[in-house]
Amino acid sequence: MIEDVIQTDAALNPGNSGGPLVNSRGEVVGINTAVIMGAQGICFAVASNTANHVLSEIIMPGRARRGYIGVAAQTVPVPRRHAITAGIENRLGAMLSTVQADGPADRAGLMSHDLVVRLDGEPVTGIDDMIRLLDRNRIGKTIKIEVLRLGRLREFEVVPSERPVPAAA
């Protein structure tokens, strides 16, 4: 998952990932990352502020550490009547599509189709917010996740672990 991407029509050819995306003033605003072939040249760049943040994490501990709760999610609209009933202002949230068996979220009682709307009191308006909020500072600490389940606001305490490092192929 790439967080805070910029969609651009700047040409990005295979092998050119990692080059700067610059604005008309010559300022670097992103790092060219990916292209969708066959999609009219749509390219994506990681925002420079995200790249700076990740770089600082890599320099200190040697890799970027992220909190892991064992879920897959997608950004979806919050039904207006549920938001009003729950007293929240979210228009969007992160709906859990899968919850890993015996993962941190599962152990806390979260379920597929729960709609995450707040994490430690901060609004979650989609998967990008959830990923951003699950930073290295929350690893091993109890966090509160508020979800809409069947239209009712519920709160769960979850202890994120460190995101597992993928096995080398």
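At 34% relative accessibility, Asp120 counts as partly exposed. Its salt-bridge partner Arg138 is buried, with a relative accessible area of 15%. Both belong to a predicted model with four helices and twelve strands. Of the protein's 169 residues, 36% count as buried.

**Salt bridges**

- The structure holds nine salt bridges.
- Arg149 and Asp114 meet through their side chains, at 2.7 Å from N to O. This pair links distant parts of the chain, 35 residues apart. Arg149 lies in strand 10, while Asp114 sits in the loop between helix 3 (104–108) and strand 8. Arg149 and Asp114 are both buried.
- Arg138 and Asp120 form a salt bridge whose closest N and O atoms are 3.0 Å apart. The two are 18 residues apart in the chain. Arg138 is in the loop between helix 4 and strand 10. Asp120 is in the loop between strand 8 and strand 9 (122–123).
- Lys144 pairs with Glu157, the closest N and O atoms being 3.8 Å apart. Lys144 is in strand 10 and Glu157 in strand 11, 13 residues apart. Lys144 is partly exposed at 36% relative accessibility. Glu157 is also partly exposed, at 49%.
- Shared partners join Asp120, Asp135 and Arg138 into one salt-bridge network.

**Nonpolar cores**

- In soluble globular proteins, nonpolar side chains tend to be buried together.
- The largest nonpolar core here has 19 residues. Leu110, Val116, Leu119, Val124, Met130 and Ile145 touch the most other members.
- Elements giving two or more residues to this core are strand 7 (92–99), strand 8 (115–119), helix 4 (127–133), strand 10 and strand 11 (152–158). Helix 4 gives the most, with four residues.
- A second, separate core has nine residues, including Val76, Ala86, Ile88 and Val117.
- Leaving aside neighbours within four places in sequence, Leu119 is in contact with Val124, Met130, Leu133, Leu134, Arg138, Ile143, Lys144 and Ile145. Among these contacts are Arg138 and Lys144, which each take part in a salt bridge.

**Glu146 in strand 10**

- Glu146 lies in strand 10 (residues 143–149).
- Glu146 has 12% relative accessibility, so it counts as buried.

- An open sheet of four strands runs in the order 1-4-3-2, with antiparallel pairing.
- Strand 1 (5–8) and strand 2 (20–22) stand at the edges. Each has a single partner strand, so one side of each is left without a neighbour in the sheet.
- The twist averages 45° from one strand to the next.
- Strand 1 and strand 4 (residues 43–47) pair in the antiparallel sense over four bridges. Val5 has Val46 of strand 4 as its bridge partner, and Thr8 has Cys43.
- Strand 3 (residues 28–35) and strand 4 pair in the antiparallel sense over five bridges. Here the bridge partner of Ala34 is Phe44.
- Four of the five residues of strand 4 are buried, so this strand is largely enclosed by the rest of the structure.

**Whole-protein figures**

- Among contacts between residues at least 6 apart in sequence, 51% join residues at least 24 apart.
- The accessible surface comes to about 10,200 Å². Carbon and sulfur atoms account for 53% of this surface.

Methods: Residues numbered from 1 in each chain as written. Predicted model: local features only at pLDDT ≥ 70, side-chain atom pairs only at ≥ 80, totals over all residues. Heavy atoms only, no water. Buried < 20%, exposed > 50% of the residue type's maximum accessible area, 1.4 Å probe, protein only. Pairing = 2+ DSSP bridges. Axes fitted to C-alpha atoms, helices over the stretch in contact; angles between N-to-C directions. Contact = heavy atoms within 4.5 Å. Areas by Shrake-Rupley, 256 points an atom, 1.4 Å probe, with all protein chains shown as cover. Core = buried A, V, L, I, M, F, W, Y, C linked by side-chain atoms within 4.5 Å. Salt bridge = Lys/Arg side-chain N within 4 Å of Asp/Glu carboxyl O.
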